[in-house]
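Here's a quick walk through one model, heading by heading. Have a look at the chain below before reading on.

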Amino acid sequence: MAVPSFLKVDPAIERWNRMREDAYKHFRFTPRTTWVTMCGFVLVPGAIYYLASKTHLEWNWAGKRKGEALAQA
């Protein structure tokens with residue numbers, strides 16, 4: 001016996017959900033997706049590493065009092 005549903009099924013939303021669920025089946029590396037992948041997995045972590053190594057030991061927050069400089073000389 002079928003359970004009555006109080007929600008209306010929208011075919012456009014169902015198609016969109018099916019497309020989202022099956023996106024990995026139709027994925028291909030194109031020049032654009034390759035660029036986005038490189039930005040996400042190489043350039044962003046590389047930039048974070050560069051900034052972290054550039055500012056490492058430049059600031060000292062431990063034991064500073066009001067009026068003392070944070071920058072190490």
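## The kinked helix

In this predicted model, α2 bends by about 40 degrees, with the kink centred on C39 (the bend at a residue is the angle between axes fitted to the seven residues ending there and the seven starting there). Helix α2 takes in residues 31-55, 25 residues in total, and spans 34 Å from its first C-alpha to its last, close to the 36 Å expected at 1.5 Å a residue (1.5 Å times one less than the number of residues). Helices here are DSSP runs of H or I with at least four residues, and strands are E runs of at least two, numbered from the N terminus.

Just after α2, L57 has a positive phi of about 65 degrees.

## The aromatic pair

Searching the whole structure turns up 1 aromatic pair. The ring centres of F27 and F29 are 5.1 Å apart with planes at 80 degrees, so this one is edge-to-face (centres within 6.5 Å make a pair; planes under 30 degrees apart are stacked, over 60 edge-to-face, the rest tilted).

F27 is partly exposed at 46% relative accessibility, while F29 is exposed at 58% (buried is under 20%, exposed over 50%, partly exposed in between, with a 1.4 Å probe and protein chains only).

## The whole chain

The chain has 2 helices and 0 strands. Of its 73 residues, 1% count as buried.

## Ground rules

Residues are numbered from 1 along each chain as its sequence is written, and side-chain values use heavy atoms, without hydrogens or water. Local features need pLDDT of at least 70 and side-chain atom pairs 80 or more, whereas totals for chains, interfaces and linings use all residues.

Key:
Phe/Tyr/Trp six-rings, centres within 6.5 Å; stacked < 30°, edge-to-face > 60°.
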